[in-house]
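Keep the model open while you read.

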Amino acid sequence: MANHGPSYGLSRELERKNQARFCIEEAQEVLQWLQDVTKSRFEKNPKDFQTAEEVSDALKDGVLLCILYHKIVNKANNVAFRFNQNPKMPFHKMENISNFLNAIKLYGVPEISCFQTVDLYENKQFYKIIECLRALAAVAQSKSAPIPFPNWVVKISQKQKREFTNEQIKGGEAVIPLQYGTNKCASQKGMTPYGLSRQIKQSDTLLNNNF
């Protein structure tokens, strides 16, 4: 990880908010799913990870992410896209992450749900990595990918195209929507027009007292 100095002021406040959005329980669930799909093993049990930095160090080379994508699309390694399976240099690791991000965008994960390469490699806004992987799981489930899915995967709503007959369409034209107005509710009868000065009228009692 790059060696950055301490943050101050607004930068420190943003960093604190980003750290608060990270949930280690969700990260542990995602790590367990990664392990089940890729058939790989982390150096320790996913439930033993306690910080975002530990999770970042386990994923920052991008290898498991690339293997995950190949498993999702049901293709052997180096077929969907090539990646460095034993990266040593930082640019090799960041290239793996970048290739993974490009692939999942083409697969259907919205760009707004994706993270930036530095978010993972330098452990910045790490909650975005977890959100991205959960979004990938949801898209993969909607496409019936040949991998196991845990119960935390959110089902994506599917569009339901409806077709109406000409008789149904013509019948709908005979109904007056409420947006067109109605004469069965309150009206402005007796109210002064907009912009007219306020009319102040004295009561008969006050007028009699003045005389």
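In this predicted model, helices α4 and α7 pack with their axes 11 Å apart, at an angle of about 10°. That angle falls under 35 degrees, so α4 counts as roughly parallel to α7. From α4, the contact uses L65, L68 and I72. From α7, it uses L133, L136 and A140. By class, this contact has six nonpolar residues, no polar ones and no charged ones.

Helix α2 (residues 24–38) packs against α4 (residues 63–72) as well. Here the axes come within 9 Å and cross at roughly 60°. That makes α2 oblique to α4. The crossing is left-handed. On the α2 side, the contact residues are W33, L34, V37 and T38. They meet L64, I67, L68, K71 and I72 of α4. This contact has seven nonpolar residues, one polar and one charged.

Helix α2 also meets α7 (residues 127–142), with axes that come within 10 Å and cross at roughly 50°. The two helices are therefore oblique to each other. Again, α2 makes a left-handed crossing, this time past α7. Helix α2 supplies E26, A27, E29, V30, W33 and L34. Helix α7 supplies I130, L133, R134 and A137. The residues of this contact divide into seven nonpolar, no polar and three charged.

The table sets out the axis values for each pair.

| Helix pair | Axis distance | Axis angle |
|---|---|---|
| α4 and α7 | 11 Å | about 10° |
| α2 and α4 | within 9 Å | roughly 60° |
| α2 and α7 | within 10 Å | roughly 50° |

Now the pocket. How much space lies in the second largest pocket? The volume is about 200 Å³. Its lining consists of S40, R41, F42, E43, K44, F49, E54, D57, A58 and L64. Helix α3 (residues 52–59) gives the largest share of that lining, three residues. By class, the lining has four nonpolar, one polar and five charged residues.

Note on methods:
Residues numbered from 1 in each chain as written. Predicted model: local features only at pLDDT ≥ 70, side-chain atom pairs only at ≥ 80, totals over all residues. Heavy atoms only, no water. Axes fitted to C-alpha atoms, helices over the stretch in contact; angles between N-to-C directions. Helix = DSSP H or I, 4+ residues; strand = E, 2+ residues; numbered from the N terminus. Parallel < 35°, antiparallel > 145°, perpendicular 65-115°, else oblique. Left-handed = near helix turned anticlockwise from the far one by under 90°. Contact = heavy atoms within 4.5 Å. Nonpolar A, V, L, I, M, F, W, Y, C, P; charged D, E, K, R; others polar. 1 Å grid on protein atoms, 1.4 Å probe; cavity = no way out; pocket = protein on both sides within 12 Å on 5 of 7 lines; lining within 4 Å. Points joined across faces, edges and corners; volume = space filled by probe spheres on them.
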